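Here are a few quick notes from going through the structure. Have a look at it first, then read the points next to it.

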Amino acid sequence: MLKLEGFTCQRCGACCQGESTVSLTQEEILRIAQFLNLPEEVFREKYTVKVGKYRVEMKTKDGYCIFFDKKEKLCTIHPVKPKKCKEWPLIEALSKDPSTLETLKNYCMGIKILQI
């Protein structure tokens with residue numbers, strides 16, 4: 001996987017924006033529910049949506065992940081955020097297709113300022 005030396009998140013929220021979010025594993029669901037001090041079922045009902053037969057992801061609100069605070073520009077579940085969120089922007093696609101980096105430069109301010 002490509003390493004982006006010197007990458008610093010600019011807290012722009014671009015990675016938290018969209019019509020959907022990342023898939024959650026059962027372990028992530030339990031960890032986030034516990035962090036929010038909620039029973040699993042309450043967490044699932046309030047904060048997740050089922051997509052297809054098996055996929056569970058966080059809901060969106062106003063075009064962003066429900067856990068993104070637009071005013072403060074931060075993830076409200078940062079200590080327990082899902083693995084895919086933690087990996088961003090060092091996603092597997094970068095190592096498989098270098099042209100992905102060009103696309104991400106237009107999307108992620110942290111990558112854009114690196115001048116790669």
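1. Lys50 sits at 56% relative accessibility, so it counts as exposed, given that the exposed class starts over 50%. Keep in mind that this is a predicted model.

2. As for where Lys50 belongs, it is part of strand S1, which covers residues 48-51. Its side chain gets to 3.0 Å from the backbone oxygen of Lys53. There is also a pairing across the sequence to look at: Ser23 is 27 residues away from Lys50 along the chain, and the two C-alpha atoms are 9.5 Å apart.

3. Now the other strand. Glu57 lies in S2, residues 55-58. Is Glu57 buried or exposed? With a relative accessible area of 5%, Glu57 is buried, because the cut-off for that label is under 20%.

4. What does the side chain of Glu57 reach at 3.4 Å? That would be the backbone nitrogen of Thr21. The Glu57 side chain also has a polar contact with the side chain of Arg55, at 2.6 Å.

5. Setting aside neighbours within four places in sequence, Glu57 touches a run of residues made up of Ser20, Thr21, Val22, Ser23 and Leu24, plus Tyr47, Thr48, Val49 and Val51.

6. On confidence: the chain has an average pLDDT of 86, and 88% of the residues score at least 70. Among the elements, helix H1 (residues 26-35) has the highest mean pLDDT, 98, while helix H4 (residues 92-96) has the lowest, 63.

Note on methods: Residues are numbered from 1 along each chain as its sequence is written. This is a predicted model: local features need pLDDT of at least 70, side-chain atom pairs count only at pLDDT 80 or more; totals for chains, interfaces and linings use all residues. Side-chain values use heavy atoms; hydrogens and water are left out. Helices (H or I, at least four residues) and strands (E, at least two) are DSSP runs, numbered from the N terminus. Buried means under 20% relative accessible area, exposed over 50%, partly exposed in between (1.4 Å probe, protein chains only). A polar contact is a pair of N or O atoms within 3.5 Å; within protein, one must be able to donate a hydrogen and the other to accept it, and residues adjacent in sequence count only if both atoms are side-chain atoms. Contact means heavy atoms within 4.5 Å. pLDDT is the predictor's confidence in each residue, from 0 to 100.
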